[in-house]
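Let's take a walk through this fold together, starting with its sheet and ending in its core.

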Amino acid sequence: MGKVSIGLRGWRFDESAVFTDDGEIKPIDAMEYETRQRVVRLRQVIDSPCHACWLLHGDENLDACNEAAAVYGEPLSEVVVCETHEPDFLYWYREEGGNEHRGEPELQDAFHEWFLDGGRAPDGYGGVEHVDTDPTVVPHVSGTTSAAEAEREANAVDLDSLDID
Ligand SMILES: [Zn+2]
């Protein structure tokens, strides 16, 4: 069974968890809870600024921040990085102990701290695994932004699929 990224690099999904046998993306309410939560969150972070850029430029200079190219970590405590800063994240994760936070919500804060302390990948650090992604394939859910709304939305989908007369 293959793994695929959707929209952004980083998060990987079992093909069978997000696509039907015909290769169409499944309706959001036909996905398992964990997949659905990640897809809903993905839809929200896909247009968000890179965290590293944001740490450098702040809310007042959002225009200076690059768009997300990849997302790592767990939904709601994920790390979003652009093309430029993805190597920094990967370097931190692989070489600077970031992987100790694998699967933990602390991953986001730990990376932010390291980056704010001046942590960077050495020049030319690569290791980015390029996966073809297609932003248009991400199923659209409404444009909520807060963590609480994301949870509520993920939880609410079941209700929408019920047949209530
Ligand atoms: Zn960036």
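Two strands count as paired if DSSP finds at least two bridges between them. Helices (H or I, at least four residues) and strands (E, at least two) are DSSP runs, numbered from the N terminus. This is a predicted model, where local features need pLDDT of at least 70, side-chain atom pairs count only at pLDDT 80 or more, and totals for chains, interfaces and linings use all residues. Residues are numbered from 1 along each chain as its sequence is written.

Strand 4 and strand 5 run antiparallel and are joined by three bridges; among the residues involved, Val 71 has Val 80 of strand 5 as its bridge partner. Both strands belong to an open sheet of three strands in the order 2-4-5, with mixed pairing. Strand 2 (9-10) and strand 5 each have a single partner strand, so one side of each has no neighbour in the sheet. The protein as a whole has six helices and five strands.

Now for the core. A nonpolar core is a set of buried Ala, Val, Leu, Ile, Met, Phe, Trp, Tyr and Cys residues joined through C-beta atoms within 7 Å; buried means that 20 or more other C-beta atoms lie within 10 Å of a residue's own, with C-beta atoms placed from the backbone. The largest such core has 30 residues, and Cys 50, Val 71 and Phe 89 have the most contacts inside it.

Notes
A residue is buried if 20 or more other C-beta atoms lie within 10 Å of its own, exposed if 12 or fewer, and partly exposed in between; C-beta atoms are placed from the backbone.
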